[in-house]
Amino acid sequence: MQLKPQCVFDEFAKINQIPRPSKREEKMSQYLQEWGKSHNLETLTDAVGNVLIRKPATSGYENRQTIILQSHMDMVCENNSDTVIDFDKDPIQTEIFTDANGDEWMKAKGTTLGADDGIGCAIQLAVLAADNIEHGPIEALFTVDEETGMTGAENLSPDFMKGRLMINLDSEDEGEIFVSCAGGCINDVKFNYSREQSDGMFFMQISVSNLVGGHSGDDINKKRANAVKLISRFLYLEDERYGIRLADFQAGNKHNAIPREGRAIFAIPADKKHEVMADFNLFAADVKEEFCCCDADIKLEMQSAEPMPIITPSVGRNIIRSLQAVTNGVFANCQQQELDWLVETSSNLASIHTAETQAQIILSPRSCVMSNLTNIANTISATFQLAGADVVQTDGYPAWQMKQDSQLRPIANDTYRQLFGHDPKVIGIHAGLECALFAQKYPDMDMISFGPTLRGVHSPDERLLIKTVPMVWDHLLEILKNAPV
């Protein structure tokens with residue numbers, strides 16, 4: 001099929017040939033630098049790998065204010081367990097499918113698509129390459145490491161950009177213009193232990209897979225199952241009944257993704273294996289009923305496992321109990337009446353990985369109210385500290401507050417209405433955007449964020465609604481054409 005606008009999809013196809021995992025974006029940064037120079041455009045890079053490409057105004061638009069277009073060059077790298085890929089070497093393979101409503105989507109074959117935010121980068125490059133559009137001066141900023149720390153935006157120097165009007169192209173719902181975002185941080189939890197033999201006990205493994213998962217901010221309110229939480233719930237039940245011994249627990253991966261699969265190995269008294277299996281069958285039936293709407297394909301399995309040294313029993317019990325106790329999901333909604341549908345504060349229990357002598361648990365709290373972010377992060381820390389763990393909280397990133405006297409927002413509203421016959425939604429987002437860090441570096445920056453529709457981001461189910469790309473493209477060109485003097 002012919003994808004439109006072709007200039008955008010051609011750039012996206014090229015981008016998806018370039019490995020760009022978070023914190024390993026060197027190849028993408030180099031590609032952008034060479035791209036800018038090959039188009040005879042002023043191209044800058046900084047110490048952390050951010051790239052800035054400048055394009056002069058078209059004739060007659062020299063007096064317009066500079067508009068900055070911004071996207072991040074890194075992507076979340078997730079794949080299904082049956083998909084073999086080396087994200088440091090292999091390209092992303094894409095395909096197109098039609099849903100039940102007749103809409104065409106682009107997705108990857110068993111991996112994340114990288115449209116978050118490769119499609120934003122592609123739109124920027126298409127604007128820079130175009131010779132048939134009208135615009136004032138443009139600065140195109142491509143940042144590194146948005147997904148795992150926003151260190152590109154954090155380390156941006158205050159004089160890297162000249163413009164003070166920015167369009168961030170990292171949002172995921174066409175027709176919505178975002179003007180604020182949540183702040184967030186990371187709780188890094190570590191339990192230290194030794195291991196010992198557990199003679200005369202029977203070992204079993206519980207596994208959870210085929211969950212929907214998704215973005216830990218955008219999708220946290222959709223009541224999707226969390227693999228770490230589900231396994232922990234069962235372990236807690238059985239520990240209270242039979243005094244189990246934890247041996248291994250592996251679940252989740254990225255801090256900003258709802259964990260989709262995991263497994264745990266534990267030991268039980270040999271004479272209780274039939275009771276545990278019966279408990280599991282009841283538990284699995286209850287869980288499938290509980291998540292029948294949002295995780296209809298959930299898969300839970302129980303099987304015997306090979307014996308292995310167990311975690312010190314007291315520590316294993318504390319791991320299980322703290323995972324059962326810790327808050328996960330939506331903590332509070334916004335108090336403003338017009339935004340009472342928007343999540344204010346949440347936390348994602350992102351992962352647990354046990355090694356020989358240490359278990360690491362990662363949680364990702366968010367809030368658009370910074371005092372509540374501190375509160376939920378401290379609540380998480382206290383839960384694990386009571387269980388004997390060491391907890392480190394990262395400094396995180398701030399929330400982005402709406403600019404009341406924005407010049408850009410009215411232009412975006414008016415041009416959208418003229419193009420499509422109705423107003424866009426002007427809202428906040430319960431996810432971290434680099435706009436919050438740009439606001440710290442450039443306090444007078446006037447920003448909005450929008451983009452084509454994406455679903456399932458941060459998971460192999462990530463997909464791009466193709467028909468929304470030309471809508472975003474047309475809207476962006478109208479904003480550029482109507483930039484303020």
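How many residues does the largest nonpolar core have, and which of them have the most contacts inside it? In this predicted model, the core has 59 residues. Those with the most contacts inside it are Ile 67, Val 127, Leu 128, Phe 142, Ile 167 and Leu 464. Helix α3, residues 115–129, gives the most to this core. Its share is nine residues. In soluble globular proteins, nonpolar side chains tend to be buried together.

Ile 167 illustrates the packing. Leaving aside residues up to four places away in sequence, Ile 167 touches Ile 67, Ile 68, Leu 69, Gln 70, Leu 408, Ile 448, Phe 450, Leu 476 and Ile 479.

The crossing of α3 past α11 is right-handed. On α3, the contact is made by Ile 123, Ala 126 and Val 127. On α11, Val 472, Trp 473, Leu 476, Leu 477 and Leu 480 take part.

Strand β12 spans residues 201–209. Seven of its nine residues are buried, so β12 is largely enclosed by the rest of the structure. Eight bridges join β12 to strand β16, residues 262–269, and the two run antiparallel. Six bridges join β12 to strand β17, residues 299–304, again antiparallel. Val 208 has a partner in each: Gly 262 in β16 and Leu 300 in β17.

Terms used
Residues are numbered from 1 along each chain as its sequence is written. This is a predicted model: local features need pLDDT of at least 70, side-chain atom pairs count only at pLDDT 80 or more; totals for chains, interfaces and linings use all residues. Side-chain values use heavy atoms; hydrogens and water are left out. A nonpolar core is a set of buried Ala, Val, Leu, Ile, Met, Phe, Trp, Tyr and Cys residues joined through side-chain atoms within 4.5 Å. Buried means under 20% relative accessible area, exposed over 50%, partly exposed in between (1.4 Å probe, protein chains only). Helices (H or I, at least four residues) and strands (E, at least two) are DSSP runs, numbered from the N terminus. Contact means heavy atoms within 4.5 Å. Two strands pair if DSSP finds at least two bridges between them. A crossing is left-handed if the near helix is turned anticlockwise from the far one by less than a right angle, and right-handed if clockwise.
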